[in-house]
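Please keep the sequence and the model at hand while reading.

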Amino acid sequence: MNKTNKIKQKSVLSWIHKNRVKIGIWMFLIIVPITLVVTAYIGSYTSNKSVYFDLEITEESEKIKDFISIDELKAITLDIEWDALKKPTLDEDDNLVGGYYRFNVSYTPDENYQIQNVKITPVLKTDWKNFTSVGIQRYIAMNKVSFSVDYNFDLPHSPLLFVTIEEPNLYLKVEYSYTSAGQTITEVEYVKFPLEDINPNIVIPD
């Protein structure tokens, strides 16, 4: 290091030492808000990635964190169609009521599987915010079956700056049985079906 660089380095170090209190205050004013914002975004995102499939959550309720797509099921293939959307409206007490999502669903068994008793439990839930509604468990068939999930939340919604929730995701607890080597085996798999980039066949007016 030449003499000029040594002088510059000493000058910088001297300036930092002289203004260390001001530098500390500015770092605090910048870093702390950034940390709080990042924590808020990460916390909001991660805390709303898990789903309960119980109408009433108890100590025995299981929180599901891992999901597959509809084409990743082990022994069946689901066909899901977003059939209708009815937005909620305000009643006399300013409560949102009457909203629902309706879907058509059927399944196709994969080869070499004798499938029995396919049933689903649907949940509508948003990312970023706990806008959740659990539907009723029902059996489905190889022919299309319709089911609805009540959903009385006002969307689109912006829980954080630069974050807008347009639609919930449809989550399904899929249970079915098949016979293998003379034994009946029951599978439980969890599916995530995003609605953000698709549209319903019909939007039912208020």
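A residue is called buried when its relative accessible area is under 20%, exposed when that area is over 50%, and partly exposed in between, as found with a 1.4 Å probe and protein chains only. The model is predicted, so that local features need pLDDT of at least 70 and side-chain atom pairs count only at pLDDT 80 or more, while totals for chains, interfaces and linings use all residues. Residues are numbered from 1 along each chain as its sequence is written, and side-chain values use heavy atoms, with hydrogens and water left out.

## Overall make-up

The protein chain has two helices and 15 strands, where helices (H or I, at least four residues) and strands (E, at least two) are DSSP runs numbered from the N terminus. Of its 206 residues, 33% are buried. Among contacts (heavy atoms within 4.5 Å) between residues at least 6 apart in sequence, 63% join residues that are at least 24 apart.

Strands of a sheet pair through backbone hydrogen bonds, either parallel or antiparallel. Here two strands are taken to pair if DSSP finds at least two bridges between them.

Ten bridges connect strand S3 (residues 76–86) with strand S6 (residues 100–109) in the antiparallel sense, whereas S3 and S15 run parallel and are joined by three bridges. S3 is mostly covered, with eight of its eleven residues buried.

| Residue | Bridge partner | Strand of the partner |
|---|---|---|
| Ile80 | Val105 | S6 |
| Leu85 | Tyr101 | S6 |
| Lys86 | Ile204 | S15 |

Within strand S6 lies Ser106, which counts as buried because its relative accessibility is 9%. Ser106 touches Thr77, Leu78, Asp79, Ala141, Met142, Asn143 and Lys144, not counting residues up to four places away in sequence. Its C-alpha atom is separated by 10.0 Å from that of Ile76, 30 residues apart along the chain.

## Nonpolar cores and a buried threonine

A nonpolar core is a set of buried Ala, Val, Leu, Ile, Met, Phe, Trp, Tyr and Cys residues joined through side-chain atoms within 4.5 Å. The largest such core has 30 residues, and those with the most contacts inside it are Ile76, Leu78, Tyr101, Phe103, Leu172 and Val174. At least two residues of this core come from each of S3, S6, strand S7 (115–125), S10, strand S13 (169–180) and strand S14 (183–194). A second, separate core has seven residues, including Val51, Val134, Tyr171 and Tyr190.

Thr121 is located in strand S7 and counts as buried because its relative accessibility is 6%. Its side chain makes a polar contact of 3.4 Å with the side chain of Gln137; a polar contact is a pair of N or O atoms within 3.5 Å, of which, within protein, one must be able to donate a hydrogen and the other to accept it, and residues adjacent in sequence count only if both atoms are side-chain atoms. Leaving aside neighbours within four places in sequence, Thr121 is in contact with Phe53, Gly135, Gln137, Tyr171, Leu172, Lys173 and Glu175.

## Hairpin and backbone exceptions

Strand S11 (residues 157–160) pairs with strand S12 (residues 163–165) in the antiparallel sense over two bridges, and Leu160 stands opposite Val163 in S12. These strands, S11 and S12, form a hairpin with two residues between them, and Phe162 in the turn has a positive phi of about 75 degrees. In the loop between S10 and S11 lies Pro156, joined to Leu155 by a cis peptide bond with omega about 0 degrees.

Most residues other than glycine have a negative phi, and most peptide bonds are trans. Asp94, in the loop between strand S4 (89–90) and strand S5 (96–97), has a positive phi near 65 degrees and is exposed, with a relative accessible area of 59%. Trp128, in the loop between S7 and strand S8 (132–134), has a positive phi of about 75 degrees and is partly exposed, with a relative accessible area of 22%.
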